[in-house]
Amino acid sequence: MSELDTIGFGLILIAAAVGGAAILTWFERRLLGVWQDRYGPNRLGPFGALQVMADMIKLLTKHDWVPPFADRAVFVFAPTAIVVAMLLGFAVVPFGPELYILDLNIGLLFFLGMTSLAVYSVLLAGLASNNKYALLGGLRSAAQMVSYEVFMGLSLMGVVMLTGSFSLRAIVEAQRDLWYCIPQFLGLFTFLIAGIAESHRLPFDLPEAEHELTAGFHTEYGGMKFAMFMLGEYLGLLLISCMITTLFFGGWLGPWLPPIVWFSIKVFALICFFILLRAAIPRPRYDQLMALGWKVMLPLTLLNLLLTGVIALLLEGA
Amino acid sequence: MLKSLTSQLRTIWTILQHSFTKAETVQYPEQMPYLAPRYRGRIVLTNDPDGQERCVACNLCAVACPVDCIALQQGVKEDGRWYPEFFRINFSRCIMCGMCEEACPTNAIQLTPDFEMCEYDRSNMVYEKEHLQIAGTGKYHDYNFYRVSGLAIAGKDKGQAQHEAPPIDVKSLLP
Ligand code: SF4
Ligand code: SF4
């Protein structure tokens, strides 16, 4: 793609991602409704889809307030960080053989780096709010981070080992014969859990935990700043689904349909699965999450790494 | 560990099956829920079968009300009947408990199955007697307090009420 095309595609991508995240807020509520035997927002527009607009107008017209006791600069910066980091993460996702912004040879590392940066947003919001609930949320987010970041990176190393590259395009191309969800099912399982934790979605929304911490790290936030956090969360959900599609479900690969359609179908299915998890699974205590991370997930990923290495070596020898 | 994992997977499966169950929601304004006749909603003041005001302004309802939202003033008509000069219920405080209905000796005050009384202005929630009084008898069609009570009013003297013997001049019983 030429420079101009890339810029144009980038703008379209940002619009699509932000718009998609906005639609997701409504879609998730409808889908949760289906699974909880109720309707969800169904009044405004066809199937209630205009609810998104109503929410947006409401959030835009809310008083944009910074509490006097908060650390002003950091307080304002925090919600931006999560959105920017998540949007940057989209840069390396290959949506089709020619549909991508960047084909870094360390694309995977770039993605891991960007999602990890997003955690700062939560931490800083918790700190800057100067509120006990927000601080508790921030603390939990830190505890959560040290437990999943380790195995998140490691769980993907099996994929890298099989492909021999960090480039996401190369990873997709390497799945022409067999999607990695089969040889790397342990990796998929652990990355799925890490991904939910990364995007702070239920059941791992410990930093937010509205039943215990009012709203956790964004207790003090309102109006558009709150909307930015929500946007960040849904962008995270989209990004993680895109990544799982790319890494384990063969990205754009698939017969008959054009690549971008295949990609969208897979991402959509994964999003539905994430919402199902939200509807079904209760939130663990944070020590339980840490125990799960260190005592189960980390050994599992290491085992996966070991086995993948052995098999890869044997195949090479054969 | 494995046990908890299977339990989680089973939960997910159960929830997934709910894709095919019908929603429980009652779509309220289009689809009215059934309200039993004894549902406790908006309060009315009723008339007796003869079309006269039932309330005798005894204040028992105001005393019984746990949130003190009833206010009234007693007056006496020329025919001897008692009646409330004003009768005011502040519905922004009323909790629809029905205590007033229980307390009322004349069945005047009654709760109805109507709950749609939203107002934009809080002061509109204060209902005066003319808003409360209805023309009918409400839930009790035959009861008329003055026909069973001993109070003398115009057209009904002492001893003329139902199940009431004429008054006895105790002095005439002296030996
Ligand atoms: S229903 Fe209860 S709260 Fe309402 S006026 Fe009667 S006694 Fe008072
Ligand atoms: S409504 Fe009933 S209880 Fe209340 S003052 Fe009238 S007669 Fe008495």
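1. The shell around ligand 1 is made up of 12 nonpolar residues and one polar residue, with no charged ones. Keep in mind that this is a predicted model. The shell counts 13 residues, and those that come nearest are Cys65(B), Cys94(B), Cys97(B), Gly98(B) and Cys100(B).

2. Now turn to ligand 2. Its surroundings also number 13 residues. Closest are Cys55(B), Cys58(B), Asn59(B), Cys61(B) and Cys104(B). Sorted by class, this shell holds 11 nonpolar and two polar residues, and again no charged residue. Cys104(B), one of the closest, is buried. Its relative accessible area is 14%, and the cut-off for buried is under 20%.

3. How many disulfides are there over all chains? The count is zero. Take Cys69(B) as a case. The cysteine sulfur nearest to that of Cys69(B) belongs to Cys65(B), and it is 3.7 Å away. A disulfide needs the two sulfur atoms within 2.5 Å, so Cys69(B) is in none. Is Cys69(B) buried or exposed? It counts as buried, because its relative accessibility is 6% and the limit is under 20%.

4. Next, the interface. On the chain B side, 17 residues are in contact with chain A; on the chain A side, 15 residues meet chain B. The area buried between the two chains is about 1400 Å². Carbon and sulfur atoms give 61% of that area.

5. The side of chain B that touches chain A divides into seven nonpolar, seven polar and three charged residues.

6. Last, the polar side of this interface. Between chain B and chain A there are zero salt bridges. Polar contacts do occur: four residue pairs are found across the interface, with both residues at pLDDT 80 or more.

Technical notes:
Residues numbered from 1 in each chain as written. Chains lettered and ligands numbered in written order. Predicted model: local features only at pLDDT ≥ 70, side-chain atom pairs only at ≥ 80, totals over all residues. Heavy atoms only, no water. Near = heavy atom within 4 Å. Nonpolar A, V, L, I, M, F, W, Y, C, P; charged D, E, K, R; others polar. Buried < 20%, exposed > 50% of the residue type's maximum accessible area, 1.4 Å probe, protein only. Contact = heavy atoms within 4.5 Å. Buried area = accessible area lost by both parts, 1.4 Å probe. Salt bridge = Lys/Arg side-chain N within 4 Å of Asp/Glu carboxyl O. Polar contact = N/O pair within 3.5 Å; in protein donor to acceptor, adjacent residues only side chain to side chain.
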